[in-house]
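Reader: Could you take me through the side-chain contacts in this protein? I would like to begin with the aromatic rings and then move to other topics.

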Amino acid sequence: MKICMILLCLNIKLALLSKIRDITNWSDLVLETQNSRRIQTLLDTNLAELDGQQLKETYYELVPQVQQNSCQILKKIGGAWMEKCGFWDGEKLICMDKLYPFLKNDSCLVYSFGLSDNWDFEIFMANAGCTVHAYDPTSQVIRPKNSFHPNIHYHQIGLGHTNGKVHLHSLHSGDTEEIEIQTLDTLIDSNGDQDKIISYLKVDIEGSEIQSLKQWLSSGVLKKIQQIGVEMHTGKMTQNNLGLKKKFTFRSLLYFLQVANGDFGLVLSAYNANGCIAKKSDDQRLYYSYHDILLIKQ
C-alpha cells in the first residue's frame, strides 16, 4: 500500500512536470513571431539617420520590448524598499534557470559593481554558492556586518572605460574625491578569471555605464558573460554630470544593444523601471530614466 502511494505521488509529479513543459513550449511558440520582430526592429534601426531626440525616443520605445521566452524563471533579488513608492534601489533581475547550471557544478562566478550600503544582492549570491567579486571605489561604502562572507571579495576600485584615476562628484554629499577605475577585462584578468565564464555581471555605477559600454564591446569581454544586469541612468542630470550629449548617450545605448545581440548573442530579456524616481529625472517627464535591464546569452 505504501509503495502504491509513493508510485501514485511520483506519477502525479511527473504528469505535472510534463504539463509545465507543454505549457512552456506552447507559450514560446506563441511568442516566437513577436520576439523575432522585436529583435529585427532593434537590429534594423539605422542610428546614423536619427538626431538626439529621435535616438532618445527610439531607445525608450525599444528597451521595454524584451524577449519574453529567453528566461523561464525570472526573479528579482535584493533591493531597498521605500514606503509609498516601492523599491528605491538594489532590486536586481536574474534568470534562475541560466544560473542554476553554474551552481550545480560549483562554478558560479559573480562580478558586482556599485555597492554603497546595500549588499543584499551580493550576500544572496554568496549564500547561494557563488564566488562574488564586489567593487565600489568610494570612501562612503558601508559594509554591513552580515556581508563578511568567505565567498565575497571586496575591492575598492571602480568600473570604467579606461584604467587610471578620475574625480568623482557625490550627488549626496556634494564632495569630490579621487578614485581608481579599471576596465572590466582588466579587473577580470587581475583576478585570474580570464578563462572563466562570468555567471552574472551586476552594474550599478550611476551613469558611468554609458561610457563603459563601447569598451565592453571592443575588448570582447562579453564573450565570457552569461547574464548582465545593469541599472541604466539616462536622465538629463546624469548626462550633465558626465559631460555627455543626448545624441551620444542614446546612440551608445542603442548601439550596445544591437552589437551585444548581433555579435555576442546577448538578448534583452527583462526590463524594470524604478517606480520611486519614476519620470522625475527625465527633462520631459515622459520616460523612466532610471531602469534595470537584463541581458542573457542564448
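Predicted model: local features only at pLDDT ≥ 70, side-chain atom pairs only at ≥ 80, totals over all residues.

Reader: How are the rings of Tyr-59 and Phe-250 arranged?

Author: Their centres are 5.8 Å apart and their planes stand at 50°, so the pair is tilted. Tyr-59 belongs to helix α2 (residues 52-62) and Phe-250 to helix α8, so the pair ties together parts that are 191 residues apart in sequence.

Reader: Are Tyr-59 and Phe-250 buried or exposed?

Author: Tyr-59 is buried, and Phe-250 is buried as well.

Reader: Which residues do ring pairs link into a cluster?

Author: The cluster consists of Tyr-59, Tyr-60, Phe-250 and Tyr-287.

Reader: Let us turn to another pair. What is the geometry between Trp-119 and Tyr-154?

Author: Trp-119 and Tyr-154 form a tilted aromatic pair, with 5.7 Å centre to centre and 55° between the planes. Trp-119 sits in the loop between β5 (109-113) and α4 (120-128), while Tyr-154 is in strand β7 (residues 152-155), so this pair ties together parts 35 residues apart in sequence.

Reader: And why does Trp-119 count as buried?

Author: Because its relative accessibility is 1%, and buried means under 20%. Tyr-154, with a relative accessible area of 28%, is partly exposed.

Reader: Which ring does Arg-143 lie over?

Author: Arg-143 lies over the face of Phe-148, 4.2 Å from the ring centre. In another such arrangement, Arg-251 lies over the face of Tyr-255, at 5.8 Å from the ring centre.

Reader: Changing topic: how many salt bridges does a search of the whole structure find?

Author: The search finds 6 salt bridges. One of them joins Lys-56 to Asp-283, with the closest N and O atoms 2.8 Å apart. This pair links distant parts of the chain, as Lys-56 is in helix α2 and Asp-283 is in the loop between β13 (266-273) and β14 (290-297), 227 residues apart.

Reader: What are the relative accessibility values there, starting with Lys-56?

Author: Lys-56 has a relative accessibility of 2% and therefore counts as buried. Asp-283, at 42%, counts as partly exposed. Lys-56 and Asp-283 also belong to a network of salt bridges with Asp-282.

Reader: What about Asp-204 and Lys-92?

Author: Their side chains meet in a salt bridge with an N to O distance of 3.5 Å. Asp-204 is in the loop between β11 (200-203) and α6, and Lys-92 is in strand β4 (residues 92-95), so far as position goes 112 residues apart. Both Asp-204 and Lys-92 are buried.

Reader: Where do Lys-202 and Glu-122 lie?

Author: Lys-202 lies in strand β11 and Glu-122 in helix α4, so the pair ties together parts that are 80 residues apart in sequence. Their side chains meet in a salt bridge of 2.7 Å, N to O, and both residues are buried.

Reader: Finally, what is the volume of the second largest pocket?

Author: The second largest pocket has a volume of about 160 Å³.

Reader: Which helices each supply at least two residues of its lining?

Author: They are α6 (209-219) and α8 (246-264). The lining includes Leu-213, Lys-214, Phe-248, Arg-251 and Tyr-255.

Terms used: Residues numbered from 1 in each chain as written. Heavy atoms only, no water. 1 Å grid on protein atoms, 1.4 Å probe; cavity = no way out; pocket = protein on both sides within 12 Å on 5 of 7 lines; lining within 4 Å. Points joined across faces, edges and corners; volume = space filled by probe spheres on them. Helix = DSSP H or I, 4+ residues; strand = E, 2+ residues; numbered from the N terminus. Phe/Tyr/Trp six-rings, centres within 6.5 Å; stacked < 30°, edge-to-face > 60°. Buried < 20%, exposed > 50% of the residue type's maximum accessible area, 1.4 Å probe, protein only. Lys NZ or Arg CZ within 6 Å of the ring centre and 35° of its normal. Salt bridge = Lys/Arg side-chain N within 4 Å of Asp/Glu carboxyl O.
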